[in-house]
Amino acid sequence: MNRLIQQKQLAQLISAHFKEIIRQPAVIFWGIIFPILMALGLGIAFTRQTDIVRHVAVIENHPTAMENANNALLLHAFLENHADKIEPSGDKPQQYKITLPNAKLGNTTFVFEKTTWRHAMVLLKRGNLGIIMDEKNGRIEYHFDPLNTDAHFSYLKLSKIFSQNSVPVEENLESVHPLTVHGTRYIDFLVPGLMAMGIMMSCMWGMSYGMIDKRSKKLLRRMVATPMKKSYFLISLMTVRIIMNLIESALLFLFAWLVFNITIQGSIAGLFAIFIAGNIAFGGIAIFISCRTANTEIGNGLVNAVVMPMMVLSGVFFSYHNFPDWSIPFIQKLPLTLLADGLRSIFIEGAGFADAMLPAAILLSIGIFFFSAGLRFFKWH
Amino acid sequence: MKKNPVIEVKNIYKSFKNVQAVNGVDFKIFKGQSVALLGPNGAGKTTLMEMIEGIQKPDKGDILISDRKWKGNERDLHRIIGISLQETHFIDRLTVSETLKLFASFYELGRERVDEIIGLIGLAEKTNSYVVNLSGGQRQRLALGMALLNNPDILLLDEPTTGLDPNARREIWSILQHLKEHSKTSLVLTTHYMEEAEQLCERIIIIDKGRILKQGTLEHLLEEDNGDKVIEFALDESNRAIDSVNNPSGFQIQWDANRDKGVISLNHIETQLPEFLNFLSQNNLRLRHLECRRKTLDDLFTSMTGRRLHE
């Protein structure tokens, strides 16, 4: 009987917290529609096979180059003879275009713009272009940042065009085998990252901020002035968050499946285990960081202090392997990295249930540790 | 037969940083009694109330609720106490009924009790309204309803009508009057409205600067203080304090410089009023305002502290 009554108390708390969330129209937007829009925008931007367009600055011949009249106009003569002229609009300089047709990889188009060295450098610094071409003593020179892989790509293609010294032909299609296996596209990388980020954000803002707000409004104080079981209050908050996150992630996946044909290649049970463990980890962290303060501005800062570093480091949008080698082991131990990597391993690497156990166990331990610590120091008044 | 007190406050002290909020307070409240803790803002009423509610711990002294200390008895004591805080916030997007159902579940109560309470607090028409859409008075009635859910032995209300308009205040009073008539709940409320203390409580404890100045029934408090009636007056020449004129009749005049008014406490208005008018005439003083009335707690507080309750 007593157990039944306690379950009723828990059910009422869960029901109240659930209604509190779903009756806010903004929650539907930020929790469900926004991640889908993000997946759509980023997915289209980085996944769809489109023509590659790269801008190239061609330095206009300066008087010193006239010394050797035979060679001085090599680059310009090539553009005049083999490139398509783009009609200049307004006071823009003359532009030329060369397109390398490629049915498998998408066409590559180079847009050449005649300009001065000074202006070319400005464009390079602004990121409008990655490579500058010049000619000296009858030789074509390429200027680009050696660390810029995109500029390398342009250099290789351009040097091929100009060494052939003829109209470009279709590339050797037989030697190119583009990868079409699911999991190699950016959207495949992005969706598990967005799910992990959604879980973190929902727990940290939804739970932490919500609790601090309830404390500042003295609602917590009012609730504990009853025989309410304190742990039930926290468990109900976490339960509601897990249910909400499950709905949000399922809708995000459904969208990505319908629009981008994304699939889950590994164990569904493993995915579920990591998902729940991730929720518990961030739920625990949320309770811990909101266990004392009653000031929403301090709460704002605390949540940001936890969320922002992980947003930057944990590879939600782009791989964290671009960070220095020494930092990688540290980054890999962050809860968001563990969660995102765990979800990705199942989504795109085909990891099984057993593979999911280690990250799930670590996330669960993090959650239990912070939940216990939070409950220990929790300030109800 | 001597009854055991339901609340026993034994010489308690509480300070915050450099402020001594409660400074050696001692009183007992018995079953069915209604007691007002009356004092101006900052008198220490809320701190005292929060210590009785178990929210704060005294630095020194003990508080017993039904002969039990808070420590180790929290769950049991919460079952017999109903509280309403000074500021009451709810979950904005829950309805009145859902809010009461949530709190009813903490006391293991069902739908019937929720319906009873909705009727008692007069919010039947608002049952399905979100609490965020309630008026100040309706919210306060809901807060009172939450406090009454468990049919408490002790009801602790911290400034239940502060900030409400007179109508909303009367509605709260009416609920509490009904409760007094139909239950044996002991009521303790803090207030700085003397009418509230007069209306709802048979015993009044006047508090200022963390100390009890005086306590007793309303009649007892007023009679003890040089009579239960007052003459309040203002003179034409407001700059001229009456103390400066010859006062052979020995009226004890309290002069309120802020309001340019004098107050005299007396017992026999029939004989003393003509004497006072005669005294004014002899001193060639002209009245701008004259009021004879029953003494209030505000007058009493002013006579004890030199300040008014609402200052």
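This is a predicted model: local features need pLDDT of at least 70, side-chain atom pairs count only at pLDDT 80 or more; totals for chains, interfaces and linings use all residues.
Two residues are in contact here if their C-beta atoms, placed from the backbone, lie within 7 Å. With that in hand, we can look at where the two chains meet: the contact takes 19 residues from chain A and 22 residues from chain B.

On the side of chain A that touches chain B, the elements giving two or more residues are α1 (2-22) and α8 (219-224) of chain A. Seven residues, the largest share of that side, come from α1(A). Helices (H or I, at least four residues) and strands (E, at least two) are DSSP runs, numbered from the N terminus. By class, the side of chain A that touches chain B divides into six nonpolar, five polar and eight charged residues. Ala, Val, Leu, Ile, Met, Phe, Trp, Tyr, Cys and Pro count as nonpolar, Asp, Glu, Lys and Arg as charged, and the others, Gly among them, as polar.

Residues are numbered from 1 along each chain as its sequence is written, while chains are lettered from A and ligands numbered from 1 in the order in which they are written.

Within chain A, one helix pair is worth a visit. Helix α10 (residues 268-289) of chain A packs against helix α14 (residues 353-377) of chain A at an angle of about 20°, with their axes 7 Å apart. Axes are lines fitted to C-alpha atoms, for helices over the stretch in contact, and angles run from 0 to 180 degrees between N-to-C directions. The helices α10(A) and α14(A) are therefore roughly parallel to each other (angles under 35 degrees count as such). Their contact has 21 nonpolar, six polar and one charged residues.

Chain B, for its part, has ten helices and 13 strands. Its C-alpha atoms fill a box of roughly 75 × 45 × 45 Å, taken along the principal axes. Of the 311 residues of chain B, 39% count as buried, meaning that 20 or more other C-beta atoms lie within 10 Å of the residue's own. Among contacts in chain B between residues at least 6 apart in sequence, 70% join residues at least 24 apart.

Key. Angles under 35 degrees count as roughly parallel, over 145 as roughly antiparallel, 65 to 115 as roughly perpendicular and the rest as oblique. A residue is buried if 20 or more other C-beta atoms lie within 10 Å of its own, exposed if 12 or fewer, and partly exposed in between; C-beta atoms are placed from the backbone.
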